[in-house]
Amino acid sequence: MRHGATAWNEGGRWQGWTDNPLGPAGQQQARTLRGELAGQGFDAAYSSDLVRARQTADLALPGQSIILDARLRELHLGDYEGLTLTQMVAHDAFASWQRDPWAHPVPGGESLGDVAARMQSWLAEVPAGRVIAFSHSIAIRTLMRALLGLALVPQPGYPIPYAERVGHARPVTLRRVGGVWSRPGR
């Protein structure tokens with residue numbers, strides 16, 4: 001589950017590990033999510049330790065015990081934290097990073113491969129059962145790529161090479177059967 005929107009999301013500023021709270025729209029998204037999740041039982045609930053994910057989890061699942069885990073954090077955007085896409089593209093090292101963002105870290109940050117490794121490390125410790133996790137768009141898509149073998153596809157006007165986007169406070173359902181991951185309904 002991706003967190004609700006922050007002021008930076010709404011303003012087109014990129015945030016990785018910057019610890020921004022939900023904005024009013026993000027709070028409403030999380031309250032709407034509460035209705036969508038009502039009556040669904042979860043054996044465990046996890047959240048990134050960043051406040052926007054924690055707030056989404058708390059508003060969406062009131063009374064549920066939430067396990068915080070820093071491995072669910074967003075891509076560390078390093079020198080690109082807080083920048084708009086236009087500012088990122090103008091950065092001296094942007095083109096170099098874009099040649100292979102899976103292997104090469106953002107200047108002062110981490111690579112998509114780093115994100116995949118920590119997300120898979122978290123997933124290896126998750127118990128069997130119905131689990132929900134509140135995380136971040138790039139982190140979720142990076143895990144999907146690692147588990148499902150999705151291709152890296154350069155996106156015009158967007159620096160992350162995943163064709164699919166994840167909306168605020170929107171779920172991505174993954175299922176593991178016999179050690180094989182899939183997306184039901186896809």
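Author: Happy to! In this predicted model, the largest nonpolar core has 27 residues, and Leu-75, Tyr-80 and Ile-160 have the most contacts inside it. Such a core is a set of buried Ala, Val, Leu, Ile, Met, Phe, Trp, Tyr and Cys residues joined through side-chain atoms within 4.5 Å; buried means under 20% relative accessible area, exposed over 50%, partly exposed in between (1.4 Å probe, protein chains only). Two or more residues each come from β1 (44–47), α5 (94–99), α6 (112–125) and α7 (137–148), with the largest share, 5 residues, from α6. Helices (H or I, at least four residues) and strands (E, at least two) are DSSP runs, numbered from the N terminus.

Now to the sheet: 3 strands form an open, parallel arrangement in the order β2-β1-β3. Strands pair if DSSP finds at least two bridges between them, and β1 and β2 have 2 bridges. Ser-47 stands opposite Leu-68 in β2.

Ser-48 is in the loop between β1 and α3 (51–60). Ser-48 counts as buried because its relative accessibility is 0%. Its side chain makes a polar contact with that of His-136 at 2.9 Å (N or O atoms within 3.5 Å; within protein, one able to donate a hydrogen and the other to accept it, and residues adjacent in sequence count only if both atoms are side-chain atoms).

Residues are numbered from 1 along each chain as its sequence is written. In this predicted model, local features need pLDDT of at least 70 and side-chain atom pairs 80 or more, while totals for chains, interfaces and linings use all residues, and side-chain values use heavy atoms, leaving out hydrogens and water.
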